[in-house]
Amino acid sequence: MKNFISLSLVIAITISSLTASAQRIKLESGDISALAGEKEINTEFVYDGMSVGKFKTEAEYVAKKTEEYNKKESGRGDNWAKSWVADRESRFHPKFNELFGRESGIASGSAPAAKYTMIVKTVSTEPGYNIGITRGNANIYLVVTIVETANRSKEVARIKVDKALGRTFGGFDFDTGLRIGEAYADAGKALGAYVKKNAK
C-alpha cells in the first residue's frame, strides 16, 4: 500500500511538472508548421524596453547596481555594468542556441541565409540572488517572433515564453550572469521541445 501511494505521488508530481512546463510556452499567433524540415534558423536577440526586477527600465537597474558596487569597492560597479552587457554574447545567446538546437533539431544562431529568422525579445528579467544563506532563481519572460528572413514583415508565428527559470545544481550561482544564463538555457530547451512537437 505504501509503495502504491509513493508511486502515485511520483506520477502526480511528474504530471504536474510537465503541465507547468507546457504552460510556459504559448502560441500567440500564426503556425510554426512552416519550420518542419528546416535544418537551421537565423536567431537574433533584442533587449529594447526590457524591465529588470522591480525596475521599469534596464537603465535604472544598471545605474542602481553600479552605484552600489562602486561604493563597496572602487571600479567594481563599472566592471559589473560591462559584464551585464557582455554576458549576452558570451553566455546567454550560446546557451539558448545550444539547447534550442539540441531539442528541436534545428541549428540556431547567426544564419543569414536561413529561410526563417527567430527574433528573441526579452521583455523582463528577474536576476535572482544568492547571498549564501538564501537564494532566489533568476527568470526571464520572452516574446519570440518567427519571420521570413527575406521579408521581415511576413510574420510566421509569435510565441510567449513565460518564466524560464535560471537555477543550478549545488546552489553555487553567486554570479548574476550565471543565473540568467541558465534561464536562457531553460527557455531554449523548452522552446526547442515545443517546436519539435508542433512543427509537423
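Biologist: How many residues has helix α3, and what distance does α3 reach from its first C-alpha to its last?

Modeller: Helices are DSSP runs of H or I of at least four residues, numbered from the N terminus. Helix α3 covers residues 76-104, which is 29 residues, and reaches 40 Å, close to the expected 42 Å. The expected span is 1.5 Å times one less than the number of residues. This is a predicted model, in which local features need pLDDT of at least 70 and side-chain atom pairs pLDDT 80 or more, while totals for chains, interfaces and linings use all residues. Residues are numbered from 1 along each chain as its sequence is written, and side-chain values use heavy atoms, with hydrogens and water left out.

Biologist: Where does α3 bend?

Modeller: A bend is the angle between axes fitted to the seven residues ending at a residue and the seven starting there. For α3 it is about 50° at Asp87. Just after α3, Gly105 has a positive phi of about 80°.

Biologist: Which residues line the largest cavity?

Modeller: Rolling a probe the size of a water molecule over the atoms shows where empty space is left. A cavity is a set of points on a 1 Å grid, over the protein atoms alone, where a 1.4 Å probe fits but cannot get out; lining residues have an atom within 4 Å of a point. Here there is one cavity of 30 Å³ or more, and the largest holds about 50 Å³. Its lining consists of Tyr47, Met50, Trp84, Arg88, Phe92, Thr125, Ile180 and Tyr184. The largest share, three residues, comes from α3; α4 (176-198) also supplies at least two.

Biologist: What does the side chain of Arg88 meet in a salt bridge?

Modeller: Side chains of opposite charge can pair when their charged atoms come close. The cut-off is a side-chain nitrogen of Lys or Arg within 4 Å of a carboxyl oxygen of Asp or Glu. Arg88 meets Glu58 at 2.3 Å, N to O. Arg88 is in α3 and Glu58 in α2 (residues 58-72), so the pair ties together parts 30 residues apart in sequence. Arg88 and Glu58 are both buried, meaning under 20% relative accessible area, with exposed over 50% and partly exposed in between (1.4 Å probe, protein chains only).

Biologist: How many residues apart in α3 are Arg102 and Glu98?

Modeller: An α-helix has 3.6 residues a turn, so residues three or four places apart point the same way. Arg102 and Glu98 are four residues apart, and their closest N and O atoms are 2.7 Å apart in a salt bridge. Arg102 is exposed at 55%, whereas Glu98 is partly exposed at 46%.

How values were computed
On a 1 Å grid over the protein atoms alone, a cavity is a set of points where a 1.4 Å probe fits but cannot get out, and a pocket is an open set with protein on both sides within 12 Å along at least five of seven lines; lining residues have an atom within 4 Å of a point. Grid points are joined across faces, edges and corners, and a volume is the space filled by probe spheres set on the points.
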